[in-house]
2 protein chains.
Amino acid sequence: VEGEEEIGSPSLAPFLNEHRDMLAADIIAISDSPQYGPEFPAIVYGLRGLTYVEFHVQAARGDLHSGLFGGGVANAVNVLATALGKLIDDDGHVTIPGFYDDVLPLEDWERDNYAAIPFDGKAFFASIGAKGPHGEAGYSTLERITARPTLDVNGIWGGYQGEGSKTIVPAEAGAKVSMRLVPNQDPHRIAEAIHKHVVDLLPDSVDCTVTEHAHAEPVLVPAHSDFMKAAQRAIAAGFGRDPLLLRGGGSIPIVSDFKRILELDTLLVGFGQPDDALHSPNERFRLVDFHHGCLAAAHLLDELASKD
Amino acid sequence: VEGEEEIGSPSLAPFLNEHRDMLAADIIAISDSPQYGPEFPAIVYGLRGLTYVEFHVQAARGDLHSGLFGGGVANAVNVLATALGKLIDDDGHVTIPGFYDDVLPLEDWERDNYAAIPFDGKAFFASIGAKGPHGEAGYSTLERITARPTLDVNGIWGGYQGEGSKTIVPAEAGAKVSMRLVPNQDPHRIAEAIHKHVVDLLPDSVDCTVTEHAHAEPVLVPAHSDFMKAAQRAIAAGFGRDPLLLRGGGSIPIVSDFKRILELDTLLVGFGQPDDALHSPNERFRLVDFHHGCLAAAHLLDELASKD
């Protein structure tokens, strides 16, 4: 039982380091990944990593009257928006130098696998109230949200945000920016790269401070190992259907800790649904998934116990 | 006495229209412009106009988990920042099609006049805590802040603005954008132009609504008329120094109402200092300027009365 996941599991890695012998194992199983949907159990063999940084731009001591100063001084919001706007090009590619250098391309079997998954784009976008696809040219929506790196401004602020109008040149602006990473991108190298790139894109007339919030390694588990085959059989037995093989778009940082410290791969066999509203009001777990999941978990223990 | 200036003087234009005969005059004098500085009285012969619009981008029904959706859906903040970032190019020029079409170029005497004004850039930027000049290539700081049109994002917001990190794809983002205009730019045409341009710059995957907040006409008063000469003599008598001729960077919308409805020019003979903290805490008016201003106003009445 590890109760610190939502704060980055600060105690877990030291614990793993101190107790390698006690924790010796063949494989690790975690139930923290979703099914593909109702009637579509899944095993996740890849996870995205994360780098999360925050920028703060200061252009003057305080906000300035735009009639008296506008045009002759740097506007913190203008210059930050301009810099952030240049981080993604018109084709949806991230422009940070070196960003894609270490990205492992999707293999042919993976792209075939993605293409075979019954993805209903219309229903997907309707479910979130979006008008349609948006993202990196050359990839499907499923590939974009699970197997390709991203850059999202998670929040931005600066100047006057109230009702009506206020004619100021904002002195300060800030933004939080996170990037979902894929194997083998290094979260710390990517953090350095975006830091340097944004500062390069800003004019000399402003100061910029950068805070790093979080880093998580991307993960790729061998998709065709004997352990994976055992997990596939266990889920088929529990759910009455063969599981899909998927990559997941989120991050589970302890998976890379297990790999790095214990040298163990992880089977990501989770039983929730994508629309269970994780971390949101009215989060749920369907009873039918609970029952099938119990069966699958029992079968998994049996499969792994009989493996050698 | 007109007490509605700060809310856009909604009653004044109808009053002018109804009482043209009663208001018949030779010239109008307004004291709402600054001196250039202590020991530098000034007459303002130009004012910038204003167009103020607000954009609201909606990309989805609510914020989305960046691990589950990031990369495959439009991020409201990313796309708005990208669009806003494209409104000014690397040379500080506004990129909105037609933006400069109606701009009256500065005349040679004006540029000579600007060059002769004792402007201390180092002190100017130090006084506001800015690192140095920033703006449109080819123009001095004084020209940029008084005689050239601008585009300032006055405020921006979207996504998570609190402490720490939250890995969301923001569904909504907004920004307030104002442009200071110069003769003969039309505030309504410019509002239309930026509206169309921003919508063009946004992807089809998002919706954008636009609100117009305010419009003010730019103003240029004949700088070499007999009235202007009378005002110059009056200020020289009141302050003991010849006034500088300046354009002002702010807007006084009633000046264009007086011109349009009463067909009268306005002498902008104000006595405050640029650092009097207009509209701010600790606003002031120096006693020395009050006394000199009283004298100058009396001389101005005398000069104008004896004019013909």
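These are my notebook entries on a predicted model with chains A and B.

**Ground rules**

I took residue numbers from 1 along each chain as its sequence is written, with chains lettered from A and ligands numbered from 1 in the order in which they are written. Because the model is predicted, local features need pLDDT of at least 70 and side-chain atom pairs pLDDT 80 or more, while totals for chains, interfaces and linings use all residues; side-chain values use heavy atoms, without hydrogens and water.

**Entry 1: the interface**

I began with how chain A meets chain B. The contact (heavy atoms within 4.5 Å) takes 78 residues from chain A and 78 residues from chain B. I then looked up the buried area, which is the accessible area (1.4 Å probe) that two parts lose on being put together, summed over both. Between chain A and chain B it is about 5600 Å². Carbon and sulfur atoms give 52% of that area.

**Entry 2: α3 against α3**

Next I checked helices at the interface. Helices here are DSSP runs (H or I, at least four residues), strands are E runs of at least two, and both are numbered from the N terminus. Helix α3 (residues 76-85) of chain A and helix α3 (residues 76-85) of chain B have axes that come within 7 Å and cross at roughly 110°. The axes are lines fitted to C-alpha atoms, for helices over the stretch in contact, and angles run from 0 to 180 degrees between N-to-C directions. α3(A) and α3(B) are therefore roughly perpendicular. I used these classes: under 35 degrees is roughly parallel, over 145 roughly antiparallel, 65 to 115 roughly perpendicular, and the rest oblique.

I noted the crossing as left-handed, meaning that the near helix is turned anticlockwise from the far one by less than a right angle; clockwise would be right-handed. On α3(A), the contact uses Ala81(A), Thr82(A), Leu84(A) and Gly85(A). On α3(B), it uses Ala81(B), Thr82(B), Leu84(B) and Gly85(B). By class, I read four nonpolar, four polar and no charged residues. Nonpolar covers Ala, Val, Leu, Ile, Met, Phe, Trp, Tyr, Cys and Pro; charged covers Asp, Glu, Lys and Arg; the others, Gly among them, are polar.

**Entry 3: salt bridges**

I looked for salt bridges (a side-chain nitrogen of Lys or Arg within 4 Å of a carboxyl oxygen of Asp or Glu). Four cross the interface of chain A and chain B. In one salt bridge, Lys86(B) meets Asp90(A) at 3.2 Å, N to O. Each partner lies in the loop between α3 and α4 (108-116) of its own chain, so the pair joins two chains.

**Entry 4: α8 and α10**

The crossing is right-handed. Contact residues include Phe227(A) and Phe239(A) of α8(A), and Leu295(A) and Leu304(A) of α10(A). I read 11 nonpolar, four polar and three charged residues there.

In chain B, α8 and α10 also pack at about 140°, with axes 7 Å apart. Their crossing is right-handed.

Most residues other than glycine have a negative phi, and most peptide bonds are trans. I noted exceptions. Pro183(A) to Asn184(A) is cis, with omega near 5°. Asn184(A) sits in the loop between β7 (172-181) and α7 (187-201) of chain A. Pro183(B) to Asn184(B) is cis too, with omega near 0°. Glu39(A), not a glycine, has a positive phi of about 75°. I placed Glu39(A) in the loop between β1 (28-30) and β2 (42-47) of chain A.
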